[in-house]
Amino acid sequence: MNVIRMSTLYAPTLKEDPVGAELASHKLLLRAGMMRKMGSGLYSFLPLGKRVLNKVERIVNEEVESTGAQEVLMPILQPAELWHESGRWSDYGDEMMRVVDRHDAEFCLGPTHEELVTDLVRHELRSYKQLPCALYQSQMKYRDEIRPRFGLMRSREFLMNDTYSFHATQESLQEYYDSMGAAYERICKRLGLDWRAVEADSGEIGGKVSVEYMALADAGEAELVSCECGFASDVEAAACCPHPTVYEHEELEKIATPGVHTIDELAAFLKIPATSCVKAYSVKDADGAISVLFVPGDHEVNEIKAGHLIKGFAPLTDEEMVAAGLHKGSMGPVGLPAGVKVIADESLKAVTCWTVGANEDGFHFVGAHPGRDFKVDAWADLCTVKEGDACPVCGRPLTGARGIEVSQIFQLGTKYSEALGATFMDEDGMEKPLIMGCYGVGVTRAIAAIVEQCHDEHGIMWPLSVAPAHVCVIPLTVGDDLVQPAAERIARDLAGVGAEVVIDDRKERAGVKFNDADLIGWPLQVIVGKRGLENEEVEVKLRRTGEKTTVALSSIVEMLSFAHRYHFKKDAGRGTFDGLFR
């Protein structure tokens, strides 16, 4: 194995944080010479970054292949006809990058590949005898983000491993779905991540069953809740169990509330908790029909849940509210304009009288009784869950956290196979739609998640499994006849036993070399100096802990290649010396 030389390595490091970089991962990947910005949401990977990318991709591919999936490669450029067939050409929204060729044919740059893979197999997988079948690829994806930011966390071009499985029965899908879930757990462990598997909403992909694998990080865009019983979910998907309280008031009474427009203002005005108030949201469906949604005053409407309930869901604008005869900040279920539907969160069933807007500016009702003073047209789970809510499994309070979505698995069912006519013949000679699953790992996003979890004020602290190299040998002087030859010999010997080694043979000050070594994040640093060599010793620094150990020159290779006596203080994903280079 060749030794990498810093003197010739294209790894331009930066002393200062780049302008516009907000997250630690964005700053450090740029500063450490791993990547460079080429445009809004577009990045080039430099040699060290590409080494990390290759390692993450290899780990993902290995685990996906362990489930029996076979690798394919599908086009990035996708014909619009397939998306029209599935019905998603318009539904997918503005994030889809659309192009027209010289013949005026429409295409998109693939944000995902459900349509393409279904078209790929619909003429080939025709019998139950060919099922199950799973295909995967590592492919660039494109999303026209309205505001690309946070480096690799929200970019316009990103590398993704996506797998698609095809089945004859739901039982077969469930079996493969479980095996892929186990593979994704192994991926998270091998990447050295602190992660959680959480219930998730399927979003634009579709299907009713989905799990996300989240790397816990304060910088994460997703909000999570979890419980000691093992329940965990994205707040968008979790069943919500609020605890509204009743402000007892037998008779319906209209109260003047001048200047009161928010729940907090109403609660303060009446000197009652927000949990005793009812919050209202006005929305419309695809046909323009208007509904008002009601939730406990200390919660918010979950637009994902509402979107599943109301086709074409969209909040009303202020102008639309005025036109509909609704009063912002004073809406309630009593006396709504004709034709407006009342939909309430299920938790409000237990509230015998509501404190709510009076549908008149500057007035609210207390003592509004469901059934007596107004009718609820539908009850549903409408709230966004939050920390402290009851766990839907055991009832204990939920704990909140933030996470970065690294991967997600879906049970698609027959959504795409029915739309695109992908059918097979079962054992009884009946033609049935293929039952599908979909599984995706954001490879480039995983790199950002690793750095968010593995860094300090000095730079990156790569887990061994994905580090651009395992060991950096740092000669404190270069060009002499003692230190550099010894460092070269150590580097060659370590490479000879399978280590990935870089030697900092630049004619730079020791401080520059140490700073770059910490910034880039080599897991191990072997520091070779004249004073140590006089005692036939070198110093070994463990990047993750900063711990330094003096090691005999004669045993350095044995220690770093086997070293069963010396371990990292974290788990195997983050690195143990045992089998370090195997």
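View 1. Trp83 is buried, at 0% relative accessible area (buried means under 20%, exposed over 50%, partly exposed in between; 1.4 Å probe, protein chains only). Tyr92 is buried too, with a relative accessible area of 8%. This is a predicted model: local features need pLDDT of at least 70, side-chain atom pairs count only at pLDDT 80 or more, and totals for chains, interfaces and linings use all residues. Residues are numbered from 1 along each chain as its sequence is written, and side-chain values use heavy atoms, with hydrogens and water left out. A search of the whole structure finds six aromatic pairs. The ring centres of Trp83 and Tyr92 lie 5.7 Å apart with planes at 90°, so this pair is edge-to-face. Rings of Phe, Tyr and Trp (its six-membered ring) pair if their centres lie within 6.5 Å; planes under 30 degrees apart count as stacked, over 60 as edge-to-face and the rest as tilted.

**View 2. The tilted pair of Trp354 and Phe374.** Centre to centre, the rings of Trp354 and Phe374 are 4.8 Å apart, with 50° between the planes. Trp354 lies in strand β19 (residues 354-357) and Phe374 in the loop between β20 (363-368) and β21, so the pair ties together parts that are 20 residues apart in sequence. Helices (H or I, at least four residues) and strands (E, at least two) are DSSP runs, numbered from the N terminus. Trp354 is buried at 0% relative accessibility. Phe374 is buried at 6%.

**View 3. An aromatic cluster.** Tyr184, Trp195 and Tyr213 form one cluster.

**View 4. Charges over rings.** Arg98 lies over the face of Trp89, 4.8 Å from the ring centre. Lys254 places its charged end over the ring of Phe363, at 5.6 Å from the centre. The criterion is NZ of Lys or CZ of Arg within 6 Å of the ring centre and within 35 degrees of the ring normal.

**View 5. A five-stranded open sheet.** The strand order is β17-β15-β16-β18-β21, with mixed pairing. Edge strands β17 (314-315) and β21 (378-380) each pair on one side only. Two strands pair if DSSP finds at least two bridges between them. Strands β16 (residues 290-296) and β18 (residues 341-345) run parallel, joined by four bridges. Leu293 stands opposite Ile343 in β18.

**View 6. Confidence, and residues 563-582.** The chain has a mean pLDDT of 92, and 95% of its residues reach 70 or more. pLDDT is the predictor's confidence in each residue, from 0 to 100. Over residues 563-582 it stays under 50. Where pLDDT is low, the predicted coordinates should not be read in detail.

Key. Contact means heavy atoms within 4.5 Å.
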